[in-house]
Amino acid sequence: MISNNPQHTEYDTWAWLYNQTMGPQYCQNQLQPLEKILLPRIKPNAKILDLCCGTGQLIQILINRGYQITGVDNSQEMLNYAHQNAPNGKFLLADARYFELPPSFDAAFSTSAALNHIMTIPELQQVFQRVYSALKDNGWFLFDINHHQQMQRWWKGKIAEGEIEQQYAWMVTPNYNPDERKGYFQVTMFQQQTKSSSASILRTIWYLLSPILNHRLLYRLRIKLLTKFQAKEKNWQRMDEKYFVRGHIPEEIRTVLQQTGFTDIHILTLEGTPTIDDKHSAYFLCRKPIKI
Ligand SMILES: C[S@@+](CC[C@H](N)C(=O)[O-])C[C@H]1O[C@@H](n2cnc3c(N)ncnc32)[C@H](O)[C@@H]1O
């Protein structure tokens, strides 16, 4: 295995928090497209590559079901958690644009719009080439992205999600410039400094409402509390980090997949809608053809 030994990445900063918030949450969300689209196409004990695997919770679920999984990620901290969460997984610290693995995988996937972090079309083609080389003939590749139209509609520079817990709090604020088709989401992380730190009124309201705050009818209240907390909390240690992304256009990605050599390219929504619009993420499924 060859890796280009990446240095510190922004995800190193987020890893401790991602591991206890989005990691467990997203793996449940991302299991659905895998079960619906990818897993029915491959054999029960298939060898699968998880590209940009993050903290590895999804890998453990798939290992429990009999699959052999290798995770690739360029954040050492994310991979440290992945090792703990999936002790029987194999892992490679490498950049998605440069990793090299022999053509031994029955399938590959990349979840939670990780490939939005690939900022140019030539670099995206590099990633697809790396995946193509790692797949066996007839191997499937599934990934999802947040596309341009969706980001233009929803990434408005306002807090979109977050939580306030006993020892920490976090907020994600997505920003997008549709003319440049570039953006970033800012993650604001708060950590309690000392155990004796007094509870603010906002935190108390959050704790009291927390059993019902996830209900979609209370979304606005939830965001209001997070916004106020972000503006007013002065006692907890605050850290802001930006994660840069590109707003890809689905048809552009289709062309790049074709140029790489993939066939059977499908652009899907999870809900099965016929068009990709601003309410749905785009899932791409494609196949490495059998050499004749
Ligand atoms: C949004 S997280 C998704 C993690 C995981 N797939 C999930 O569903 O929870 C994006 C992941 O992509 C990784 N990543 C971003 N850019 C990368 C690159 N160029 N090469 C390898 N990994 C990358 C990050 O370190 C992070 O773990």
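**Close-up views of a predicted model**

View 1. Helix α2 contributes the most residues to the shell around the ligand, three; helices (H or I, at least four residues) and strands (E, at least two) are DSSP runs, numbered from the N terminus. The model is predicted: local features need pLDDT of at least 70, side-chain atom pairs count only at pLDDT 80 or more, and totals for chains, interfaces and linings use all residues. Residue numbers start from 1 along each chain as its sequence is written. The ligand is surrounded by 19 residues, and Tyr 11, Cys 52, Gly 54, Ser 75 and Ser 112 are the closest (C-beta atom, placed from the backbone, within 6 Å).

**View 2. Helix α3 and its cover.** In α3 (residues 57-64), Gln 57, Leu 58, Ile 59 and Leu 62 are buried (20 or more other C-beta atoms within 10 Å of the residue's own, C-beta atoms being placed from the backbone). Their cover includes α2 (22-38), β1 (47-51), β2 (68-73) and α4 (76-85). Gly 66 follows α3 and has a positive phi, near 105°.

**View 3. The four-stranded sheet.** An open sheet of four strands runs in the order β6-β7-β8-β9, with antiparallel pairing (at least two DSSP bridges between two strands). At the edges, β6 (161-164) and β9 (237-246) each pair on one side only.

**View 4. Pairing of β6 with β7.** Four bridges join β6 and β7 (residues 168-177) in the antiparallel sense. Gly 162 has Met 171 of β7 as its bridge partner.

How values were computed:
Buried ≥ 20, exposed ≤ 12 C-beta atoms within 10 Å, placed from the backbone. Contact = placed C-beta atoms within 7 Å.
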